[in-house]
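Please open the structure in a viewer and keep the selection panel at hand.

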Protein chains: 2
Amino acid sequence: MKRAELISIIKERQSFLCVGLDPDVNRIPKHILEGENPLFEFNKAIIDATRDYCVAYKPNLAFFECHGIEGWKAFEQTVQYIGDSHFIIADAKRGDIGNTATKYAEAFFRKMPCDSVTIAPYMGEDSVKPFLEFDGKWGIVLALTSNRGADDFQFSEIGGEKLYERVVKQTVKWGTPENLMFVVGATRPEYIRGIRALAKDHFFLVPGVGAQGGSLEAVAEAGLNKDCGLLVNSSRGILYASDDTDFAEAARNEAKRISLEMKSILQEKGVF
Amino acid sequence: MKRAELISIIKERQSFLCVGLDPDVNRIPKHILEGENPLFEFNKAIIDATRDYCVAYKPNLAFFECHGIEGWKAFEQTVQYIGDSHFIIADAKRGDIGNTATKYAEAFFRKMPCDSVTIAPYMGEDSVKPFLEFDGKWGIVLALTSNRGADDFQFSEIGGEKLYERVVKQTVKWGTPENLMFVVGATRPEYIRGIRALAKDHFFLVPGVGAQGGSLEAVAEAGLNKDCGLLVNSSRGILYASDDTDFAEAARNEAKRISLEMKSILQEKGVF
């Protein structure tokens with residue numbers, strides 16, 4: 001999906017919600033778990049319930065890979081089922097040397113119809129660039145993450161700036177706002193503004209709203225740009241809004257609630 | 001595989017060779033490609049040919065994932081075929097927040113019988129520790145990689161030290177020489193000595209000998225410890241020693257050549 005189309009669906013749906021698909025067998029409702037192909041059936045129900053309120057889905061590879069081949073099948077089915085009406089993020093945190101990175105890009109962009117892959121930046125330029133060489137596809141580079149461990153290295157001081165700032169400054173040279181996004185955690189809205197100054201036209205994928213405690217309003221205040229420029233993710237808050245037979249309806253209600261908040265933010269800020 | 005057993009097979013085989021399994025359809029010999037299940041058949045032939053000369057195998061996930069479900073099947077078959085006579089490294093460069101990292105660890109340690117997974121450190125402690133909580137299993141953290149992009153962030157100066165040194169210093173606090181190794185590229189032997197000083201009992205997985213130009217002797221000189229402490233990887237130099245029907249024999253010869261060099265280094269240095 002190209003940037004213009006992504007902006008157009010955000011405008012049309014008045015939502016910049018990304019639904020994270022982390023199908024955890026310890027939390028999927030019992031009646032689904034007992035059926036056939038529970039990972040896909042759970043995702044399918046969530047997708048059906050939330051489609052109208054979001055613009056992106058972010059399946060988290062770990063929750064599929066832990067089931068081996070069956071999990072990988074469910075991942076492929078899920079991505080196929082989403083289709084091209086939504087921006088698809090393979091949350092895979094890949095990153096390896098050049099020829100290997102190209103194979104990962106082929107896995108998600110050619111073998112499967114994902115629009116983007118999350119990438120760890122530690123190995124530098126040749127681990128990132130191969131993801132930026134596919135038309136209409138995106139690399140989403142980890143800048144500042146929403147977990148506690150972000151403090152261990154991302155905030156290290158390097159010549160008057162933090163490592164995560166260095167990562168953004170370097171990485172923007174390798175791609176464009178048409179093929180490169182950044183992961184910027186919602187739990188640290190005070191830093192989002194600084195990253196926006198370094199990458200003013202790029203989209204940010206923002207995890208950490210909801211279960212991890214980030215505030216949508218604070219994120220929007222700090223990160224919105226003229227094209228919106230944000231994809232705010234919620235995973236557990238939507239997927240596990242109920243652990244019973246009404247889980248899909250509960251997910252729909254939660255996605256709707258967030259999207260309405262987004263709509264009023266977009267209007268209030270006069271983004272479109 | 002526990003540390004004592006790893007040391008014992010190194011001693012027994014007088015080799016610290018790791019064979020990297022990067023089955024690339026652009027380089028697999030034509031007669032294998034035309035058969036059924038070429039990825040697994042290629043790996044099987046390579047494993048049969050090199051088993052006696054190495055102590056570890058390192059399948060690179062990207063080369064399987066790019067074939068989707070079929071690739072994932074071939075990965076599982078390959079790991080099963082290696083068996084427990086060799087240390088198995090899932091070269092997957094994973095790394096994500098705590099609950100997700102646990103799922104990745106389950107994928108490789110429970111669902112599949114791998115001994116270890118390579119991990120990117122960018123997200124810090126909670127992205128690394130879940131891999132260290134399985135008895136006889138290992139996390140192998142990227143410290144200094146062998147690619148050109150290593151210069152982009154790994155050499156950044158942080159309060160008088162480089163980022164890769166900070167990574168090693170922090171990470172050794174999270175694990176022990178029984179569950180934690182580091183990736184240290186062979187193309188920079190001058191830095192291996194420094195990392196050895198920070199992690200004197202830990203094993204290092206050393207890529208970059210062979211096709212990437214690193215020297216085995218220089219690596220050994222800088223990195224050996226009293227238990228050997230090195231797993232030196234060669235991928236393309238062994239896998240593609242010949243691109244014809246004699247590829248397995250050529251791979252055997254190359255693995256044998258390297259292992260004989262290792263044997264004489266171990267003897268010369270009086271390691272065992």
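## The barrel of chain B

Select the strands of chain B: eight of them close into a barrel in the order β1-β2-β3-β4-β5-β8-β9-β10, and their pairing is parallel. From one strand to the next, the twist averages 30 degrees. The model in view is a predicted one. As background, the strands of a sheet pair through backbone hydrogen bonds, in either a parallel or an antiparallel sense.

Next, select residues 138-144 and 180-184 of chain B. These are strands β5(B) and β8(B), which pair in the parallel sense over five bridges. To see one of these pairs in detail, display B:I140, whose bridge partner in β8(B) is B:M181.

## Two helices side by side in chain B

- From α3(B): B:L39, B:F40, B:N43, B:K44 and B:I47.
- From α5(B): B:G71, B:A74, B:Q77, B:T78, B:Y81 and B:I82.

Most residues other than glycine have a negative phi. The next two selections depart from that pattern.

Select B:Q14, in the loop between α1 (3-13) and β1 of chain B. The phi of B:Q14 is near 50 degrees, a positive value in a residue other than glycine. Is B:Q14 buried or partly exposed? A residue with 20 or more other C-beta atoms within 10 Å counts as buried, and one with 12 or fewer as exposed. B:Q14 has 19 such atoms within 10 Å and is therefore partly exposed.

Move on to B:N37, in the loop between α2 (30-33) and α3 of chain B. Although B:N37 is not a glycine, its phi is positive, at about 55 degrees. B:N37 is partly exposed, because 14 other C-beta atoms lie within 10 Å.

## The barrel of chain A

Turn to chain A and select its strands. A closed barrel of eight strands runs β1-β2-β3-β4-β5-β8-β9-β10, with parallel pairing. The twist averages 30 degrees from one strand to the next.

Select β1(A), residues 17-21, together with β10(A), residues 230-234; the two pair in the parallel sense over three bridges. Within this pairing, A:C18 has A:N233 in β10(A) as its bridge partner. Helix α11(A), residues 216-223, packs on the sheet and touches β9 (204-206) and β10 of chain A. The direction of α11(A) makes about 160 degrees with that of β10(A).

Continue to β5(A), residues 138-144. How many of its seven residues are buried? Seven of the seven are, so that the strand is described as mostly covered. With β4(A), residues 116-119, strand β5(A) pairs in the parallel sense over four bridges. There, A:S116 stands opposite A:W138 in β5(A). Five bridges join β5(A) to β8(A), residues 180-184, and these two strands run parallel. At this pairing, A:G139 stands opposite A:L180 in β8(A).

## Where the two chains meet

Show both chains together. The contact takes 49 residues from chain A and 50 residues from chain B. Several elements of chain A each supply at least two residues to the side that touches chain B, among them α4 (62-65), β3 (87-94), α8 (150-153) and α9 (163-171). Which element of chain A gives the most to this side? Helix α6(A) does, with seven residues.

Finally, consider how the copies are related. A rotation of 180 degrees, with 0.0 Å of shift along its axis, superposes chain A on chain B with an RMSD of 0.0 Å. That is the relation of a two-fold axis. To find the axis, select A:I158: in chain A, its C-alpha is the nearest to the axis, at 2.6 Å. The same surface serves both copies, as 100% of the contact residues of chain A recur in chain B.

Methods: Residues numbered from 1 in each chain as written. Chains lettered and ligands numbered in written order. Predicted model: local features only at pLDDT ≥ 70, side-chain atom pairs only at ≥ 80, totals over all residues. Least-squares fit on C-alpha atoms with pLDDT ≥ 70 in both. Contact = placed C-beta atoms within 7 Å. Pairing = 2+ DSSP bridges. Axes fitted to C-alpha atoms, helices over the stretch in contact; angles between N-to-C directions.
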